[in-house]
Amino acid sequence: MMLKISFVRLMAILTLLMSGPLIADDLSTFDGMSGQLSIAGGTAHIPVMKRAARKIMGHNSNIRITIAGGGSGVGVQQVAKELVDIGNTGRALKNKEMSLGLKSYPFAIDGVAVILHPENPVDDLSQQQIIDIYQGKITNWRELGGQDRQIHLFSRDEASGTRSVFTKKLLNGAQLAASANIVPSNGAMKTAVSQDFGAIGYSSVGYIDEMVKAPAYNHILPSQEACASGEYPVVRRLYMNTKGTPNSLTQAFIDYIYSKQGAEHIQASGYIALQGAVH
């Protein structure tokens with residue numbers, strides 16, 4: 001197993017290196033700059049954005065970076081209306097969104113995984129079992145080898161890129177039961193599931209920690225290595241999006257995300273760094 005993990009890590013590194021050199025890791029790019037950079041949208045992106053913002057503002061106190069969530073739909077709407085400089089999405093832009101004059105910058109690979117309360121004894125769920133749970137056909141954990149407890153469904157709202165990927169790739173487009181509790185972000189999802197023994201939800205793999213439990217999906221654990229290698233299939237890219245050509249401060253921030261230190265922020269947040277290219 002250790003040899004397999006080492007090989008996967010090596011392949012992820014080689015893929016990154018072969019895709020092109022990373023931009024030089026130099027915060028001096030921000031020397032002499034001033035102003036405010038506003039970011040909103042997908043909540044999976046927030047840990048990366050915050051790590052980068054702290055470094056940049058610590059280097060140059062004349063730069064102010066604000067970060068908000070709201071989901072991928074909000075990110076698209078706000079950047080299209082030029083209410084923010086960067087609108088984040090946990091999915092590729094839709095055709096109608098691309099017509100708004102947006103540019104996309106993919107920067108990380110992320111997985112989307114089911115999460116449970118950490119004391120739930122269920123360790124493995126098949127795709128069909130998850131579909132049946134979210135359609136309300138399986139309603140008690142006892143039916144899955146767990147305790148005699150009612151299953152409580154948690155989901156994201158329709159603007160969520162995480163929900164879009166979960167529905168398309170994990171549920172095969174199946175309709176969610178109307179009884180699902182809706183939460184506004186990956187962080188809120190983790191908190192809600194961690195406090196409810198009967199809960200089932202889903203989140204970005206980067207948000208999974210000791211607060212929740214990620215069962216195997218079709219016998220495959222949703223680890224960073226499995227997402228990078230393709231062994232775990234429910235993956236997506238994370239994108240930054242701008243309205244047209246970004247201004248100098250926004251471009252410098254995007255370049256920093258693609259730098260060596262940016263890649264470290266991405267990895268520390270639980271994702272796989274990509275060498276970016278404008279779509």
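**Exercise 1. What percentage of the 279 residues of the chain count as buried?**

Before you start: this is a predicted model, where local features need pLDDT of at least 70, side-chain atom pairs count only at pLDDT 80 or more, and totals for chains, interfaces and linings use all residues. Residues are numbered from 1 along each chain as its sequence is written, and side-chain values use heavy atoms, with hydrogens and water left out.

*Solution.* Start with the term: a residue is buried if its relative accessible area is under 20%, exposed if over 50%, and partly exposed in between (1.4 Å probe, protein chains only). By that rule, 53% of the 279 residues are buried.

**Exercise 2. Work out how strand β1 is placed and what it pairs with.**

*Solution.* Step one is counting elements. Helices (H or I, at least four residues) and strands (E, at least two) are DSSP runs, numbered from the N terminus. The chain has ten helices and eleven strands.

Step two: look at β1, residues 35-41. Five of its seven residues are buried, so that makes it mostly covered by the under-20% rule.

Step three: find the partners. Two strands pair if DSSP finds at least two bridges between them. β1 runs parallel to β2, with six bridges joining them, and Gly-41 sits opposite Gly-70 in β2. With β3 (residues 86-89), β1 pairs in the parallel sense over three bridges; here Ala-40 faces Gly-87.

**Exercise 3. Describe the surroundings of Gly-71.**

*Solution.* Next, check its cover: Gly-71 has 1% relative accessibility, so it counts as buried.

Now list the contacts (heavy atoms within 4.5 Å). Leaving aside neighbours within four places in sequence, Gly-71 touches Gly-41, Gly-42, Thr-43, Asn-88, Arg-156 and Ala-159. Finally, take a C-alpha distance: Gly-71 and Glu-158 are 87 residues apart along the chain, with 9.0 Å between their C-alpha atoms.

**Exercise 4. Classify two aromatic pairs, Phe-30 with Tyr-256 and Phe-166 with Tyr-202.**

*Solution.* Rings of Phe, Tyr and Trp (its six-membered ring) pair if their centres lie within 6.5 Å; planes under 30 degrees apart are stacked, over 60 edge-to-face, and the rest tilted. The structure holds five such pairs.

Phe-30 and Tyr-256 are 6.2 Å centre to centre with 80 degrees between the planes, which makes an edge-to-face pair. Phe-30 is in the loop between α1 (2-18) and β1, and Tyr-256 is in helix α9 (residues 248-257), so the pair ties together parts 226 residues apart in sequence.

Phe-166 and Tyr-202 are stacked, at 3.8 Å centre to centre and 5 degrees between the planes. Phe-166 belongs to helix α6 and Tyr-202 to strand β8, so this pair ties together parts 36 residues apart in sequence.
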